[in-house]
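User: I have a protein model to read and would like to know what lies behind the terms used for it. Please set each value against its definition.

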Amino acid sequence: LYISLAGVFIWMTLPSQALLHDAGTYYQLALTGSLSSFIDPGYPTALSLLMRVVGQGNLIALQISNYLFWSISAYLVYLSLKQLNEKSAKLTGFLMLFSPLFLTFSAKLYSEPFASLGVSLLIFGIATSTWLSLVVGAIILGSTKSIFIPGIIILGLYYLVRHEYKRFLPLLIGVVILAPVFITSLGGGRSRYNLAVERAKLDQTYDQILACVPYYLSYPLGQKLLPQYQGVCHQNDPSPEMS
């Protein structure tokens with residue numbers, strides 16, 4: 001069922017929509033290989049590596065990889081909850097797998113499915129005390145969404161205080177590897193740009209947030225249903241319309 005739905009969303013997503021907004025930036029960076037100047041190089045680096053396997057311009061293969069990232073994430077969360085003897089493990093994994101937002105996001109080359117893989121690896125590593133999972137999860141999440149690096153540091157300090165070194169040490173390794181990414185994220189135009197976007201989102205009213213839902217599912221659908229909210233819901237537009 002998941003494979004069928006993924007196929008439908010890929011078929012419904014035109015190439016221009018698959019590369020909308022952030023997705024276009026990630027795709028161009030992966031094509032050109034100019035990753036050193038980008039604040040969050042994790043996802044375009046993954047795309048660049050995938051392109052070496054499937055070939056440049058193979059958009060469908062890259063979309064499929066996004067669905068694969070998300071399905072692995074859901075499976076890891078299921079395994080983590082099962083390890084913790086949670087009765088809701090199967091239901092949670094099922095609901096996560098069929099998230100409408102991520103079914104549509106995965107058809108576009110957005111970084112969220114890859115970042116979610118990092119989160120799920122961290123969850124699995126914590127639940128099972130698996131070193132490799134913690135290290136790789138920290139690297140994927142921190143390099144894809146550098147805003148979460150402080151959270152990874154806090155998580156590591158938490159386990160240090162609790163003397164749980166089998167969780168602290170792999171997180172420390174991940175943070176050390178991520179240090180250059182974190183330092184880069186503190187300066188530069190891209191950082192100020194991202195901060196302006198996030199600051200503008202904090203000023204959104206509840207009706208604006210609700211109106212953005214169809215935009216997240218399908219930007220053309222949002223434009224058609226609620227055109228007056230286009231500026232508000234443009235996720236990378238730190239313009240006055242977002243405030």
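Analyst: Contact means heavy atoms within 4.5 Å. Among contacts in the protein between residues at least 6 apart in sequence, 63% join residues at least 24 apart. This is a predicted model, where local features need pLDDT of at least 70, side-chain atom pairs count only at pLDDT 80 or more, and totals for chains, interfaces and linings use all residues. Residues are numbered from 1 along each chain as its sequence is written, and side-chain values use heavy atoms, with hydrogens and water left out.

User: How many helices and strands are there in the protein?

Analyst: The protein has 16 helices and 0 strands. Helices (H or I, at least four residues) and strands (E, at least two) are DSSP runs, numbered from the N terminus.

User: Why is Thr144 called buried?

Analyst: Buried means under 20% relative accessible area, exposed over 50%, and partly exposed in between (1.4 Å probe, protein chains only). Thr144 has a relative accessible area of 2%, so it is buried. Thr144 sits in helix H9 (residues 131-144). Leaving aside neighbours within four places in sequence, its contacts are Asp40, Gly42, Tyr43, Ser111, Phe114 and Ala115.

User: Why does Ile153 count as partly exposed?

Analyst: The relative accessibility of Ile153 is 30%, so Ile153 counts as partly exposed. Ile153 belongs to helix H10.

User: What makes helix H7 largely enclosed by the rest of the structure?

Analyst: In helix H7 (residues 100-107), 6 of the 8 residues are buried, so the helix is largely enclosed by the rest of the structure. The buried residues are Phe102, Leu103, Thr104, Phe105, Ser106 and Ala107.

User: What makes a set of residues a nonpolar core, and which residues touch the most other members of the largest one?

Analyst: A nonpolar core is a set of buried Ala, Val, Leu, Ile, Met, Phe, Trp, Tyr and Cys residues joined through side-chain atoms within 4.5 Å. The largest has 20 residues, of which Tyr43, Leu47, Leu62, Leu109, Phe114 and Leu117 touch the most other members. At least two residues of this core come from each of helix H3 (22-32), helix H4 (42-54), helix H5 (59-83) and helix H8 (112-128). A second, separate core of 16 residues includes Ala6, Tyr67, Trp70 and Ala107.

User: Leaving aside neighbours within four places in sequence, which residues is Leu47 in contact with?

Analyst: Leu47 is in contact with Tyr26, Tyr27, Ala30 and Leu62.
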